[in-house]
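Take a moment to look over the sequence and the 3D view.

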Amino acid sequence: MDGFVSQTDEFVGALRERATRYSLRLDAPQISALREYYEQVMAWNARLHLVAPCPATEFATRHVLESLLALAHLSEGARVADVGSGAGLPIIPCLIVRADLRATLIESSPKKGVFLREALRRLNLQERAEVISQRFEKIAAPEADAVTCRALERLTEMFSKLVRWAPRGSTLLLFAGEGLGLEIEKAGLNYQAVHIPESERRFLYVVNRRQPEN
């Protein structure tokens, strides 16, 4: 138990220490809720392999603070479709920090869908979010101002399908390496590549869906 307390304390300490590197300010209630989210992921991780094992400080930076970079690109009251939600990244941290957001979490694994619903319930986010346990390409895209994606397998290969699926007029917020940038350029889409702090070659790609594909 002492080890787990130590891990959660390290997680909270990393959030407080490193938030400014990500141009973020987190208040005490937000940090408390993010801590609860971290504890939920850790409690379920051994069964579901939600994230690769990592130190608490890395979870705070690589998973939570990185996910919150999306907030700068989400308008007030935005509706978000999160594709391949997995552990709920990036959308659950975003919902915690921004009370104006609403989201649809799309996750093909029914077991991970159970985790997501329980996490949303424990965090009192269930009124602003729903979970759909399907592959995104098997369902119609929900109404959304933005599409987020951080954990979808083979994202580079699936990119063209994701673009066709996304609602026209939406913004795609995609966390990936340099290879995805090449695919975006091939598609002829307008985009911005935001370098992720404390990483060498990872970016948040902000893709404008308004421009028709070739």
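This is a predicted model: local features need pLDDT of at least 70, side-chain atom pairs count only at pLDDT 80 or more; totals for chains, interfaces and linings use all residues.

## Along helix 2

Helix 2 covers residues 28-48, which makes 21 residues. From its first C-alpha to its last it reaches 29 Å, close to the 30 Å expected at 1.5 Å a residue. Still, helix 2 bends by about 25° at M42.

Now check out the start of helix 2: there, a side-chain oxygen of D27 reaches to within 2.9 Å of the backbone nitrogen of Q30. Q30 itself is buried, and so are I31, L34, Y37, Y38, Q40, V41, W44, N45 and L48 in this helix.

## A closer look at Y37

Let's pick out Y37, which is found in helix 2. Why does Y37 count as buried? Buried means under 20% relative accessible area, and Y37 counts as buried because its relative accessible area is 0%.

Y37 and R201 are 164 residues apart along the chain, and their C-alpha atoms are separated by 27 Å.

## The largest pocket

The largest pocket has a volume of about 580 Å³. It is lined by 29 residues, and the closest to its centre are G84, G86, A151, L152 and E153.

Helix 3 (residues 56-68) gives the most to this lining, with three residues. Sorted by class, the lining has 12 nonpolar, seven polar and 10 charged residues.

Methods. Residues are numbered from 1 along each chain as its sequence is written. Side-chain values use heavy atoms; hydrogens and water are left out. Helices (H or I, at least four residues) and strands (E, at least two) are DSSP runs, numbered from the N terminus. The expected span of a helix is 1.5 Å times one less than its number of residues. The bend at a residue is the angle between axes fitted to the seven residues ending there and the seven starting there. Buried means under 20% relative accessible area, exposed over 50%, partly exposed in between (1.4 Å probe, protein chains only). A polar contact is a pair of N or O atoms within 3.5 Å; within protein, one must be able to donate a hydrogen and the other to accept it, and residues adjacent in sequence count only if both atoms are side-chain atoms. On a 1 Å grid over the protein atoms alone, a cavity is a set of points where a 1.4 Å probe fits but cannot get out, and a pocket is an open set with protein on both sides within 12 Å along at least five of seven lines; lining residues have an atom within 4 Å of a point. Grid points are joined across faces, edges and corners, and a volume is the space filled by probe spheres set on the points. Ala, Val, Leu, Ile, Met, Phe, Trp, Tyr, Cys and Pro count as nonpolar, Asp, Glu, Lys and Arg as charged, and the others, Gly among them, as polar.
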